[in-house]
Amino acid sequence: MTLTEGLTSMGTAAPETPVRAGRRGAGAWRFVVLGVLGVYFLVPIGASVWYTIRDRRNGGVTLGTYAEIPGAAGFADAFTRSLVLAGLTVVLVLVLMVPTVVLVNLRLPRLRTTVELLTLMPLVLPPIALVVGVRSVLSWAPDYFLNTPLAEAFFALQEPALPWILVFVYVVLALPFVYRALDAGVRGADLRTLTEAARNLGASWPRVIVSVVLPVLRTSVLNAAFLTLALVLGEFTVAAILGFETFPTWIVRISGSEPRLSVAVSVLSLLITWMLLLLISALDRRRGTKENS
Amino acid sequence: MLVVLGALPFFLYVAVFLLLPIGVLAVEAFRATDPVTFEESWSTASLAAITEGPYRRAYVGSLQLSIITAVLGGVLGLALAVAVLRARRGRLLRRLVLTASGVLANFGGVPLAFAFLATIGTAGVVTALLTDTLGLGLGGFSLASLTGLALVYLYFLIPLMVLTIIPALEALRPQWREAADNLGASGWQYWRYVGGPVLAPPVIGATMLLFASAFAAYATARALVGSSIPLVTLQIADALSSNVVVGSENLGKALALGMVVLIGLVMIFYAWVQRRTQRWLS
């Protein structure tokens with residue numbers, strides 16, 4: 001498409017107004033792209049909404065399917081579990097990564113490349129390969145460590161009501177997004193000067209983190225937290241392979257018997273997540289303008 | 001010295017929850033269980049098995065699907081990103097597209113699969129519209145095919161491309177275009193000598209990311225087609241859930257290790273390409 005733009009502007013560029021002509025020539029493909037992709041992205045959402053609200057018996061429109069969601073068998077359990085897992089993952093990944101990113105940027109620049117590489121690994125490493133490995137490690141408990149405290153710990157991690165092992169794996173999956181969001185925040189703010197000032201005034205490192213670093217990083221922390229939340233709420237592979245029921249695996253399980261319900265929950269979860277993200281980006285902008293003025 | 005201790009939790013965590021599982025995978029893929037005595041031994045049987053028959057087909061299917069969707073998603077995503085950035089008075093459009101991309105690229109494939117089933121699945125709304133109302137039919141199209149999967153994959157790959165490439169596009173300064181225009185360069189020359197070379201490394205990188213994401217995708221395929229299509233991720237899940245065949249657990253590990261090795265090779269190739277393009281730039 002960059003090529004097409006180049007070609008069209010080459011064809012229409014008149015000597016007097018080369019820039020304007022180029023821009024006008026480039027306008028058409030833009031509308032084609034927006035139009036075609038707009039249809040591609042909106043039709044499935046629109047069709048899904050229609051699929052869930054049309055009343056097949058009486059004709060017309062009904063919200064019955066959506067009213068069924070809260071009371072559907074298993075929904076409350078699976079959704080609450082996913083929310084709790086998401087909350088725990090957000091807390092753990094921030095507790096792990098905020099000090100690490102700050103330290104690497106301020107005190108340990110030599111470790112930067114290593115940390116960067118390690119956090120980028122989960123981005124390209126297939127989660128299914130990771131979870132097959134995790135499953136192998138977990139199977140050591142009955143195989144090798146039976147009747148030891150370690151085996152007990154392994155079994156505790158796999159408690160179906162609240163599988164902590166999912167939290168630990170989700171933290172790994174969230175590392176790339178969290179690291180990049182926090183790193184951008186640290187680099188954007190002049191954190192080195194701020195922390196040096198705080199240290200010179202006698203603040204301890206924990207105090208620096210709580211009173212200086214976190215307030216400066218709140219936008220990136222918010223972004224990182226939200227991305228992690230969306231990731232955990234939508235994650236299917238790890239939960240399915242380890243055999244736990246979370247929100248996405250619940251949707252897949254009921255889809256056979258209640259196709260309309262599964263579509264309704266899917267659309268609703270997509271739209272709610274989108275609304276939340278829009279809200280956060282709006283808040284973000286408001287805060288930005290307030291600070292600038 | 002104390003400072004280094006501060007980074008210790010991170011390294012410990014990564015060692016236990018990322019490196020250890022992959023290491024175990026790499027070792028245990030070479031284990032085999034005897035079907036009669038259930039004794040374990042070292043063997044390359046699982047690794048030999050995954051290079052032929054249905055497993056070979058699964059690798060080929062996965063690679064085909066991810067290469068095609070990565071290239072298509074890369075091109076379309078780049079086009080969308082450029083179109084959105086260039087739109088006049090497009091601030092609202094931009095925010096809508098960016099946030100929607102964030103949701104679609106990160107939320108995972110399950111909801112998308114069901115949205116597409118409701119649209120052009122056998123009982124889908126668009127299917128009904130095309131067959132009953134217009135009498136056209138879908139022309140042999142089925143969601144439970146590689147084409148169908150590609151159509152759904154693009155639904156999260158295009159947004160992923162938009163998200164990854166927008167920072168690079170924003171770094172492309174308008175002054176460069178103006179300078180090129182003032183020096184009498186045509187649009188083609190601008191993209192050939194300025195815009196293209198600057199954008200090439202991030203575009204290649206983003207396409208690689210799309211490839212890795214499509215290659216690793218499991219949720220969409222599982223929700224859409226069960227296991228009727230040759231894909232590695234589906235085969236791994238099948239091998240792990242099968243309690244009938246002794247040693248299928250090891251086969252799953254071997255298949256997963258194969259994925260890691262393939263992705264590793266792709267990344268080495270990517271690093272090489274990246275070095276080439278950077279040398280070309282300087």
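**Two chains, read by their definitions**

Author: Buried residues make up 43% of the 282 residues in chain B. This is a predicted model, in which local features need pLDDT of at least 70, side-chain atom pairs count only at pLDDT 80 or more, and totals for chains, interfaces and linings use all residues. Residues are numbered from 1 along each chain as its sequence is written, while chains are lettered from A and ligands numbered from 1 in the order in which they are written.

Reader: Why is Leu111(A) called partly exposed?

Author: A residue is buried if 20 or more other C-beta atoms lie within 10 Å of its own, exposed if 12 or fewer, and partly exposed in between, with C-beta atoms placed from the backbone. Leu111(A) has 17 other C-beta atoms within 10 Å, so it is partly exposed.

Reader: What makes Ala7(B) a contact of Leu111(A)?

Author: Two residues are in contact if their C-beta atoms, placed from the backbone, lie within 7 Å. Leaving aside neighbours within four places in sequence, Leu111(A) has such contacts with Val104(A) and Ala7(B). Leu111(A) is found in the loop between α4 (75-106) and α5 (112-124) of chain A; helices are DSSP runs of H or I with at least four residues, strands are runs of E with at least two, and both are numbered from the N terminus.

Reader: How many residues of each chain are in contact with the other?

Author: 74 residues of chain A are in contact with 69 residues of chain B. On the chain A side, helix α2 (residues 18-53) gives the most, with 14 residues.

Reader: What is called a nonpolar core, and which helix gives the largest share here?

Author: The term covers a set of buried Ala, Val, Leu, Ile, Met, Phe, Trp, Tyr and Cys residues joined through C-beta atoms within 7 Å. The largest such core has 153 residues, and those with the most contacts inside it include Val178(A) and Leu157(B). Helix α9 (residues 164-188) of chain A supplies the largest share of this core, 16 residues.

Reader: How do you know that the span of helix α8 of chain B is close to the expected one?

Author: The expected span is 1.5 Å times one less than the number of residues. Helix α8 (residues 146-170) of chain B has 25 residues and reaches 35 Å from its first C-alpha to its last, close to the 36 Å expected.

Reader: Where does α8(B) bend?

Author: At Leu154(B), by about 35 degrees. The bend at a residue is the angle between axes fitted to the seven residues ending there and the seven starting there.
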